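The sequence and structure are shown first.

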Amino acid sequence: MSCADDDEFPPHLVDRLAKNFAPGEALMRQGDETMDLFILLEGEVDVFMRESDESDARQIDTLGSGDMAGEMAQFDGLPRSADVIAKTATRALSFGTEDFHMLFQLHPRWSRKLLQTRRAPRTAPPPSGKH
């Protein structure tokens, strides 16, 4: 899901919530029980999914500046359904549960968009590459 460019975060919020990720570094791993939602400020990340612990991960998406990752955990509380790996140097805002509620209050338009675009977890597409 992409966040509108005309919405800006206050600098103090960015200072508090921003995290940097080097290429190849994981924002989250499939099966993790973390709850953070990430809003990408800079860079790109690849999203990979495995059908089982033994299967090869398949790339299912690439996300960039303005996109969100990890929002499903805020709704369903289930372990992560995919790996999200920095493709390039990436800077992202990391919202824990309390921060997520603050996001809803600060940006109600994003809240509506997030709820409208929420969909069931993806299934891995046919093989096209390995991670």
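## Asp83 and its salt bridge

Asp83 is buried, its relative accessible area being 2%; here buried means under 20% relative accessible area, exposed over 50%, and partly exposed in between (1.4 Å probe, protein chains only). Asp83 forms a salt bridge with Arg29, with the closest N and O atoms 3.6 Å apart. The term denotes a side-chain nitrogen of Lys or Arg within 4 Å of a carboxyl oxygen of Asp or Glu. Because Arg29 sits in the loop between strand E2 (26-28) and E3 while Asp83 belongs to strand E7 (residues 83-86), the pair ties together parts that are 54 residues apart in sequence. Arg29 counts as partly exposed, at 34% relative accessibility. A network of salt bridges links Arg29, Arg50 and Asp83.

## Basis of the model

The model is predicted: local features need pLDDT of at least 70, side-chain atom pairs count only at pLDDT 80 or more, and totals for chains, interfaces and linings use all residues. Residues are numbered from 1 along each chain as its sequence is written, and side-chain values use heavy atoms, with hydrogens and water left out.

The pLDDT, which is the predictor's confidence in each residue from 0 to 100, averages 79 over the protein chain, and 74% of the residues score at least 70. Over residues 118-131 the pLDDT is below 50; beyond near neighbours in sequence, this stretch has 29 contacts in the model, a contact being heavy atoms within 4.5 Å.

## Further salt bridges

The count of salt bridges comes to four. One of them joins Lys87 and Glu44, whose closest N and O atoms are 3.9 Å apart. This pair links distant parts of the chain: Lys87 is in the loop between E7 and strand E8 (90-95), Glu44 is in the loop between E3 and strand E4 (45-49), and they are 43 residues apart. Lys87 is partly exposed at 44% relative accessibility, and Glu44 is partly exposed at 33%.

Arg58 and Glu51 also meet in a salt bridge, at 3.1 Å from N to O. Arg58 lies in strand E5 (residues 58-63) and is buried, with a relative accessible area of 18%, whereas Glu51 is exposed at 60%.

## The aromatic pair

The structure holds one aromatic pair. The ring centres of Phe21 and Phe38 are 5.9 Å apart and their planes stand at 80°, so the pair is edge-to-face. Rings of Phe, Tyr and Trp (its six-membered ring) pair if their centres lie within 6.5 Å; planes under 30 degrees apart count as stacked, over 60 as edge-to-face and the rest as tilted.

## Fold and surface

The protein chain has four helices and eight strands, where helices (H or I, at least four residues) and strands (E, at least two) are DSSP runs numbered from the N terminus. From the N terminus on, the elements run α-β-β-β-β-β-β-α-β-β-α-α. Among contacts between residues at least 6 apart in sequence, 79% join residues at least 24 apart.

Of the 131 residues, 41% count as buried. The protein chain exposes about 7,400 Å², of which carbon and sulfur atoms supply 49%; accessible areas come from the Shrake-Rupley method with a 1.4 Å probe, and for residues only the protein chains shown count as cover.
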